[in-house]
Structures are given as structure tokens and as C-alpha cells.
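Hi there,

Here is the structure I promised to pass on. Please have a look at it first, and then read on for what turned up.

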Amino acid sequence: PQSPIPNPQSPIPNPQQKWLLKIINLNKILTILIIIILFIYFKNMDSLNSKAPIIIDIGTSTIKAGFGGTEKPSLIFQNIFGEMKYPKAGGLIKKDEKRELIGNDCLKYMGVINIKYPLEHGIFKETDDIETLLDYIYTNLDINLSEIKEHPVLIAEPLLNPKENRQNIAKVLFDTHKIEYLFFASQPVLSLYSTSSASGAVLESGEGVTQSCIIYDGYLIPNSNKRINLGGKDVTEYLQYLLNLKGYELNNSDGFYITKKIKEEIGEVSIDENISNNKDINKKYILPDDNEIDIGEERFLASELLFNPMLKEYEYPGLAQILSESINKTNVDLKKQLYNSILLCGGNMKMKGMKERIHKELKKNAPKNIKVRLHTPSNPENTAWIGANIISSLDISKDMWISQKEWFETDASVINTRTI
């Protein structure tokens, strides 16, 4: 049988059928739009990821690196280098086996490596170490060599760092890695941005540097910048000295790392300068060789160095004092607001009792009837990286970045012209 021939005079659709046809057509259009939007989204995501800034927070103790727009740094490692003390048994070394180690790889070989700290008080001791460290970061961030130059780089550094140190870092990034844009920012300023605040007093104390500054309505008050080359490393060395006096010899580089672990695990900040006023002073600690040692006042005395640097004959003010000096550099009208909005950040702020002791010391220096309010984030050691992440995600002009073209057309001092 033949197929029926369509009747050209088919009945006109009723209103319900018309609405049904419209809905079907609308769904087709929406489906097409969704496909187009998803295509554009994923295309833009690929483009964004290929050009996302690389954020590097260069700390004396720890390096944090990752891509802007991510929740947290994807790479966190100890800022240490290690070299094997002894040749391998029988001289059998694999072709790809390294005798020089970097970062967390060193921790597996404690006792059989010589440890080197490339930074001292936030400053590279040797320029060759800058290239070694940056190569390690790029390798572990899984960036193709052909894509390195597409990523702008934001470096978080301590306040008042020597210009030469900054220029040496820029030289490696521009000359060796051929990046297109670079920007340097101060760690305490970035830390304040991490709290989404535009005004406040910041006290940051890390492994090599303690620093304070005042930011008001987004403006850094330059004469408020204070820095002392005193930090957690000095506390560790002082604890090492105190334990040696007690008969526990922890003098070599391995001993330093063991002492650092002791400080981090049972070190505390005294409620005041009189150590005997604290409770539960004595603690036991088990060393890596399973020997048990008794530690008493030493675990409080070590951190006292941050409040009284003269314990090691350092002619610095204590960390609470430098913050008071920073606040006192501002207009009288601002002091009340600043004492009410103090941010404590940096690894040393994780020590038990630190916040309470700083509060007590600041109350001594603050004008009467002014409340002192302190805020310590849950991750005080990561605030600079988080702040840098926020800065890198803002829709701001490229004018804040130093370009490769500027670097090569002017002298190295151009890197110091635009920083925060």
C-alpha cells in the first residue's frame, strides 16, 4: 500500500497545541544557549588557568606557592637544602639519584645530610640559591616550560627588605624564566587584605623577621613601618643554648631541627616576665632516638626572647613594643581605632599564650581607657598568601605589575618603583 499523501489542508492547530509547540521550541533554544554558555565558560577557564598569577610567599622557614584564584597554596615546603654527608655504600648511585635535596625531601634523611638554610632574616645569602629555589617551585607546580612566561608572578616579602634582594629575585624571573609581569608586596600588608579590611595595625612575626605596620583606608603609612631581624629561628637557637646548659647537646644542624620541633610542640609564652608565675612548667619530651628529657623553664624562656631581645644582647625593642611604636607614629585621632583593630599573624602567633601576653604588654603602652582588641586568624602563617591571592584576583590595571619590557629597557631599580 502506498503511504498516505499529506493533506495540504490539514487542520489549524488549536491554542493548546500552539503553546505546546512554543514550549518545545523554547526548550530547544534554551538547550542551545546552555551549550554555548558552557563552551564559553570552559574555554575561558582554560584561558584563565593558563594566565593565572603564580603567588610565592618567601618565608625564612617555609615557602608557599600556588596559583591565584585557588583556595590555598598548592605547594608548601620547608625552606631548607640538604646534601648527603656520606657516599652510598659501594659507590652505587643511580643515574637519576640526587645528592642535593630541597624542601620536605630533606626531612626523610635527617641525620645523614648536611642542612643549609638559604634565607636568613628574609634575605637570600647566595644568589645561586634563588634560581635553585624558583626552579624547584616551577617543577613542583607542574608548569610546562613553554607556559612559564604566561604566568605573572606575585612575590610576598618582608617589610623593608633590601632592594638588592628584590632585584636578584627579579633578575632570575625575568632573565632566566622569561616571565612577562612581576610584582612585589609586603607580607603584613597582604595579611591585612586577607581579613577583607582596609584599615588596621598589623604585627607579623615569622621565622626570620618580626614586622609591624599601619594601613588606614587602604593606604600604608610609611613612617609606621617597623622591622627587627628577630624571629622563630632565634627562639629555636636560644632554646638550643638553654638545653645545652642543662646538659642536652643538640648542637649540629640535626639538633637544630629537633630543637625546633620541641619548641613547636611544647614551647609556650609566659604570662609575664616572671616565668615562675606559670602553671605546669615541667614537661617531658621524647627525642627521635626514644630518649626522654625533662624540660622546664626553658620552654618559656626561649620565647621570652621575642619580648626581651636583650636576653641575647640584641639591641632591638620587643615585638609588642615595635607595634606600639608603629601606632604612635600615627595621628592621635587614629590611635583608638588602631588599638581596636590589631591583626596578629605569622608562625610565631601559633605559640600557646602569645596572644594573651601581647595583649598584656600592649595595655601597658596604650593610653588609658582605650580598649586593645587583637585578632589572630586560625591560620596565621598563611595570611600573606591569602591576601596575595585576593590582590591577584582583583580587576586592577596592569600598571601595578612591572613588565618584562620595562625591566629590559630600564635599570634594575625599576622593580622598586611599584610595591605595596
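**What was found**

The second largest cavity has Ile 58, Leu 119, Gly 122, Glu 157, Pro 158, Asn 161, Asn 165 and Ile 169 as its lining. About 40 Å³ of space lies in this second largest cavity, and its lining residues divide into four nonpolar, three polar and one charged.

Before going further, please keep in mind that this is a predicted model. The mean pLDDT of the chain is 87, with 84% of the residues at 70 or more. Two stretches call for some care. Where pLDDT is low, the predicted coordinates should not be read in detail.

Back to the cavities. The count of those with 30 Å³ or more comes to three. The largest cavity has a volume of about 70 Å³. Its lining consists of Thr 60, Ser 61, Gln 78, Asn 79, Ile 80, Tyr 117, Glu 207, Lys 233, Phe 256, Tyr 257 and Lys 260. By class, that makes four nonpolar, four polar and three charged residues. Helix H6 provides the largest share of this lining, with three residues.

Of the 40 residues that line the pocket, Ser 61, Thr 62, Gly 347, Asn 348 and Glu 381 are the closest to its centre. Strands S1 (54-58), S2 (62-67), S3 (75-78) and S11 (200-205), together with H6 and helix H11 (383-393), are the elements that each give two or more residues to the lining. H6 gives the most, seven residues. The pocket lining is made up of 10 nonpolar, 17 polar and 13 charged residues.

Finally, how does H6 pack against H5? Helix H5 (residues 232-245) and helix H6 (residues 253-266) pack at an angle of about 100 degrees, with their axes 9 Å apart, so H5 is roughly perpendicular to H6. On the H5 side the contact includes Lys 233, Val 235, Leu 239 and Leu 243, and on the H6 side Phe 256, Thr 259, Lys 260 and Ile 262 are among the residues involved. By class, this contact has five nonpolar, five polar and four charged residues.

Notes: Residues are numbered from 1 along each chain as its sequence is written. This is a predicted model: local features need pLDDT of at least 70, side-chain atom pairs count only at pLDDT 80 or more; totals for chains, interfaces and linings use all residues. Side-chain values use heavy atoms; hydrogens and water are left out. Axes are lines fitted to C-alpha atoms, for helices over the stretch in contact, and angles run from 0 to 180 degrees between N-to-C directions. Helices (H or I, at least four residues) and strands (E, at least two) are DSSP runs, numbered from the N terminus. Angles under 35 degrees count as roughly parallel, over 145 as roughly antiparallel, 65 to 115 as roughly perpendicular and the rest as oblique. Contact means heavy atoms within 4.5 Å. Ala, Val, Leu, Ile, Met, Phe, Trp, Tyr, Cys and Pro count as nonpolar, Asp, Glu, Lys and Arg as charged, and the others, Gly among them, as polar. On a 1 Å grid over the protein atoms alone, a cavity is a set of points where a 1.4 Å probe fits but cannot get out, and a pocket is an open set with protein on both sides within 12 Å along at least five of seven lines; lining residues have an atom within 4 Å of a point. pLDDT is the predictor's confidence in each residue, from 0 to 100. Grid points are joined across faces, edges and corners, and a volume is the space filled by probe spheres set on the points.
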